[in-house]
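These are my notebook entries on a structure that I am reading for the reader who meets it here. Each entry records what I looked up.

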Amino acid sequence: KAFSAVEQPISADPLLWQHSFPSGHLQRDGAVLLEANFDLAAARARVAQAAAVFGAAKAHRLPRLDAALGGERTRETTDGSASTKDSVDFKVALNWEPDLWGGLEARERSAEFQLQAHQALVDQIALDLHLLLVENWVVHHTARRLGQLLAAQRDINAQLLELTACRLAQGQGSALDLLQQQRLVAAADKALPAVGRRRRSAANAYAVLMGHLPEGQDLRAEQLPILTPLGSLTSPRRLLTDRPDIRAAFFALQAADQEVAAAIADRLPRLSIGLSYAESGNRLANLGKTTVLNATAGLLAPIFDAGRLKAKVAQQRAAATEKVAALEQAMLEAIRHGEDALYTESTLFEEHRLVQKELRLARNTVKTTRMRYLKGQEAFLAVLLALNRLQNLQQEEIHLQEALLLNRGRLLRAIGAKWRQSA
């Protein structure tokens, strides 16, 4: 499998997580995760901070109006005589710095792009958390299924161990048969605790992702989905627009470009316009007895700053160059992750097909060996070895199904797939 070389997708239906993982409980838990996960709450708080910065950047382009109301009482004593003087004043001042060179607009656009980058990062965090949720769901149910298989295999091996011991007591078997069967029972006993530990760890991680305390409770028992191979995907160009982390990197680059423009504008002259109106009197009732109206305008130009503003421009240009390199690297990594997941999926499907074929042969081998043993044409050890191979293949098939599901989740993340149609 590979990405399509054409610009439009082969299929009009987008790839969704719910197509590969249709569990209703998993879908509901995914919705809970979006509301209750603390990593997402922190990311949304960063979006709120960026929105506040954007609002402040927009406000800097507008005039500023300040008002002040004050009072003063002065008492003077001269040659034993005292006098008291009261004064009340009110002042309104309007200050405005026109955006002659677009520096303030550039900073406003930079803040807007930063806000969009943080919003895209929220989508990326949600995508990463959905992958973790699915992975722990798959691991938990795989461990449950594997534990059930190992328990059943242990029961069968324990029964065969008793039969082998009886045969040995009757002089019909060998000590090698007994040792072989004892090893199989011991191997199952050893594997069961590790499977239970993996199951419990996945359940705890699942609970934490949804903002719950890890209390060691198992997930509701469900069947793992049966996957089918995917066809051709969309083109790499469409892939890059679907991934939130690529969008975030692109917005960060645009913000850095605007910061370069703002730094250049800081080196040019600035125009400042001020208008003030003041009234004063000896009490509030007499306020307005004295009125002062003042208008000012000035041009401020940096003459000598020891290269500070020039260095600031160089810094912002270097930062923009860094963002370009980061975007290009992220694009290459995105394509690589998608290609790796596609190739891994195709090889896993082929390996799973071959294991199923080998399983059919192993079952026939056990059946044939058992029939030959009953006819006296085969030793009992051959039956035990054939059964051991069958049991190993059954465990291998479960691990392969787990690998297929985990890789499908990584593939969906790599292409920036939506959780569901309405997402």
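Predicted model: local features only at pLDDT ≥ 70, side-chain atom pairs only at ≥ 80, totals over all residues.

**Entry 1: an exposed loop residue.** I began with Ala306, which counts as exposed at 64% relative accessibility; exposed means over 50% relative accessible area, buried under 20%, and partly exposed in between (1.4 Å probe, protein chains only). Ala306 sits in the loop between β4 (290-300) and α8. I noted that Ala306 has a positive phi of about 60° although it is not a glycine. Most residues other than glycine have a negative phi.

**Entry 2: basis of the work.** Residues are numbered from 1 along each chain as its sequence is written, and side-chain values use heavy atoms, with hydrogens and water left out.

**Entry 3: overall build.** I found 9 helices and 4 strands in the protein; these are DSSP runs numbered from the N terminus, helices being H or I of at least four residues and strands E of at least two. The order from the N terminus is α-α-α-β-β-α-α-α-α-β-β-α-α. The radius of gyration is 37 Å, well over the 22 Å that the globule rule gives for 423 residues, so the protein is more spread out than a compact globule. That radius is taken over C-alpha atoms, and the rule is 2.2 Å times the number of residues to the power 0.38. Along the principal axes, the C-alpha atoms fill a box of roughly 135 × 60 × 45 Å.

I also looked up burial, and 35% of the 423 residues count as buried. The protein exposes about 24,400 Å², of which carbon and sulfur atoms supply 56%; the area comes from the Shrake-Rupley method with a 1.4 Å probe. Among contacts (heavy atoms within 4.5 Å) between residues at least 6 apart in sequence, 82% join residues at least 24 apart.

**Entry 4: nonpolar cores.** Which residues touch the most other members of the largest nonpolar core? I found Trp17, Phe21, Leu26 and Trp137, in a core of 55 residues. Such a core is a set of buried Ala, Val, Leu, Ile, Met, Phe, Trp, Tyr and Cys residues joined through side-chain atoms within 4.5 Å. Helices that each supply at least two residues of this core include α2 (24-36), α4 (103-169) and α8 (308-374). Apart from this core lies another, of 6 residues, among them Ala143, Leu146, Leu150 and Val195. I then listed partners of Trp137 beyond four places in sequence; among them are Phe21, Leu26, Tyr206 and Pro225.

**Entry 5: aromatic pairs.** A search of the whole structure gave 3 aromatic pairs. Rings of Phe, Tyr and Trp (its six-membered ring) pair if their centres lie within 6.5 Å; planes under 30 degrees apart count as stacked, over 60 as edge-to-face and the rest as tilted. The rings of Trp17 and Trp419 have centres 5.7 Å apart and planes at 40°, so the pair is tilted. Trp17 lies in helix α1 (residues 17-20) and Trp419 in the segment after α9, so the pair ties together parts 402 residues apart in sequence. Trp17 is buried at 1%, and Trp419 is buried at 4%. Together with Phe21, these two residues form one aromatic cluster.

**Entry 6: salt bridges.** How many salt bridges does a search of the whole structure find? I recorded 17, each a side-chain nitrogen of Lys or Arg within 4 Å of a carboxyl oxygen of Asp or Glu. Glu108 and Arg61 meet in one of them (2.9 Å, N to O). Glu108 lies in helix α4 and Arg61 in the loop between α3 and β1 (64-78), so the pair ties together parts 47 residues apart in sequence. Glu108 is buried at 15% relative accessibility, whereas Arg61 is partly exposed at 34%.

Arg107 and Asp266 form another salt bridge (2.6 Å, N to O). Arg107 lies in helix α4 and Asp266 in the loop between α7 (244-265) and β3 (270-281), so this pair ties together parts 159 residues apart in sequence.

Entry 7: Leaving aside neighbours within four places in sequence, I found Asn407 in contact with Ala341, Thr344, Glu345 and Leu348.
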